Amino acid sequence: MEFGPHLMLASLEGAVIAAILVLTAMGLSIVFGVMRVVNVAHGEFFMLGAVLAWFITTLIGGHPALGFGVALVVAPLLVGALAASADWLILKRINYDPDRTIVGTIGMLFVIQQTTLMTFGPEARPVEAPFNQRLSLPWFEFGENGFAMTWPWGLSTTSYKLFVIAAALVVLVALWVFLTRTKIGLIMRATQQDSEMAQAFGVPVGLVYSCVFGLGAALAALGAVLVVPIQQAHYLMGADPLLLAFIVVIIGGLGSLPGTVIAAVLIGMSDGIISVFFTPTLAKIIATFVVAMVLVFRPQGLMGKTSS
């Protein structure tokens with residue numbers, strides 16, 4: 001395969017990574033933006049969503065689309081409810097102190113991870129995609145007869161990977177509408193800007209925090225349900241999504257949702273392209289180097305606000 005089609009194929013793989021990463025990082029960014037909490041357990045909520053997706057699809061059986069459709073709705077709701085309960089039981093009790101919340105979320109990480117290991121075992125669990133047709137992709141180039149369309153051998157993707165990209169876009173639009181066009185979104189943004197003033201106007205800040213923490217975990221779980229037909233579910237799969245999500249929110253700007261989207265696309269696309277042409281390790285090294293440069297030259301991130 002020539003370089004151009006090969007680059008197109010790598011870009012599609014990067015787009016899939018970016019689609020999952022933007023959902024995971026968006027959950028982390030929303031939690032920090034509203035609550036000022038660094039959720040170290042965010043990767044384990046991702047992992048739990050993937051494992052629950054396997055469990056639900058196995059429990060339902062039948063056509064893969066049936067179990068997957070149920071998992072796509074139920075798994076994020078269950079993970080979100082668990083996260084909201086954890087916020088009420090743990091983070092609220094320590095008054096959201098920055099240092100103690102890090103320790104508290106580290107505790108959540110180990111509890112979720114080890115409970116998953118004891119309940120479901122250490123094996124990697126596959127989930128069958130609801131549909132997975134192989135789709136050949138065209139390539140346009142100038143030939144002897146002018147501009148022509150060709151079908152290079154090996155230039156193809158699957159219908160499910162395209163679905164993942166489309167689903168992430170739909171969720172992002174729905175999330176934007178929710179945050180900017182609904183009363184609940186207005187309350188969340190008011191709490192983010194000044195929680196004490198919002199509480200003075202009768203906003204139940206504690207309830208808002210629990211809902212936001214649950215929403216962040218649910219977004220991570222949703223990304224995990226989408227990726228689990230591509231990457232098998234296992235109890236140690238939360239580390240890489242957590243690392244990449246932190247890289248994204250640092251580059252984009254802590255709490256900046258537009259910055260998170262831009263950084264997720266940049267990191268996801270570069271990760272996919274570099275992994276295809278070189279190695280995944282090199283992609284992680286470059287991403288870490290970029291984070292170091294951002295911290296040195298623009299500590300607030302691409303679209304973060306400087307503290308006054």
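Colleague: On a 1 Å grid over the protein atoms alone, a cavity is a set of points where a 1.4 Å probe fits but cannot get out. How many cavities of 30 Å³ or more does the structure hold?

Modeller: The structure holds two cavities of 30 Å³ or more, a volume being the space filled by probe spheres set on grid points joined across faces, edges and corners. This is a predicted model, where local features need pLDDT of at least 70 and side-chain atom pairs 80 or more, while totals for chains, interfaces and linings use all residues. Residues are numbered from 1 along each chain as its sequence is written, and side-chain values use heavy atoms, without hydrogens or water.

Colleague: OK. What volume does the largest cavity have, and what lines it?

Modeller: The largest cavity has a volume of about 40 Å³. V51, T116, F120, G121, E123, R125, H234 and Y235 make up its lining, where a lining residue has an atom within 4 Å of a point.

Colleague: How does that lining divide by class?

Modeller: Three residues lining the largest cavity are nonpolar, three are polar and two are charged. Asp, Glu, Lys and Arg count as charged, Ala, Val, Leu, Ile, Met, Phe, Trp, Tyr, Cys and Pro as nonpolar, and the others, Gly among them, as polar.

Colleague: And which residues line the second largest cavity?

Modeller: S270, D271, I274, A283, I286 and A287 line the second largest cavity, which holds about 30 Å³ of space. α10 and α11 (280-297) are the elements that give two or more residues to that lining. Helices here are DSSP runs (H or I, at least four residues), numbered from the N terminus. By class, the lining of the second largest cavity has four nonpolar residues, one polar and one charged.

Colleague: Where is the centre of the second largest pocket, going by residues?

Modeller: I17, I20, V227, Q231 and L244 lie nearest the centre of the second largest pocket, out of 17 residues that line it. The elements that give two or more residues to this lining are α1 and α9 (239-252). The largest share is six residues, from α1.

Colleague: What about its volume and the classes?

Modeller: The volume of the second largest pocket is about 440 Å³. Its lining has ten nonpolar residues, two polar and five charged.

Colleague: New topic, backbone. What is phi of R36, and where does the residue sit?

Modeller: Phi of R36 is near 60 degrees, a positive value in a residue other than glycine. R36 sits in the loop between α1 (3-35) and α2 (42-60).

Colleague: Why does R36 count as partly exposed?

Modeller: R36 counts as partly exposed because its relative accessibility is 47%. Under 20% relative accessible area is buried, over 50% exposed, and in between partly exposed (1.4 Å probe, protein chains only).

Colleague: And Y96, buried or exposed?

Modeller: Y96 is buried, because its relative accessible area is 14%. Y96 lies in the loop between α3 (64-91) and α4 (98-120). Its phi is near 55 degrees, a positive value in a residue other than glycine.

Terms used. On a 1 Å grid over the protein atoms alone, a cavity is a set of points where a 1.4 Å probe fits but cannot get out, and a pocket is an open set with protein on both sides within 12 Å along at least five of seven lines; lining residues have an atom within 4 Å of a point.
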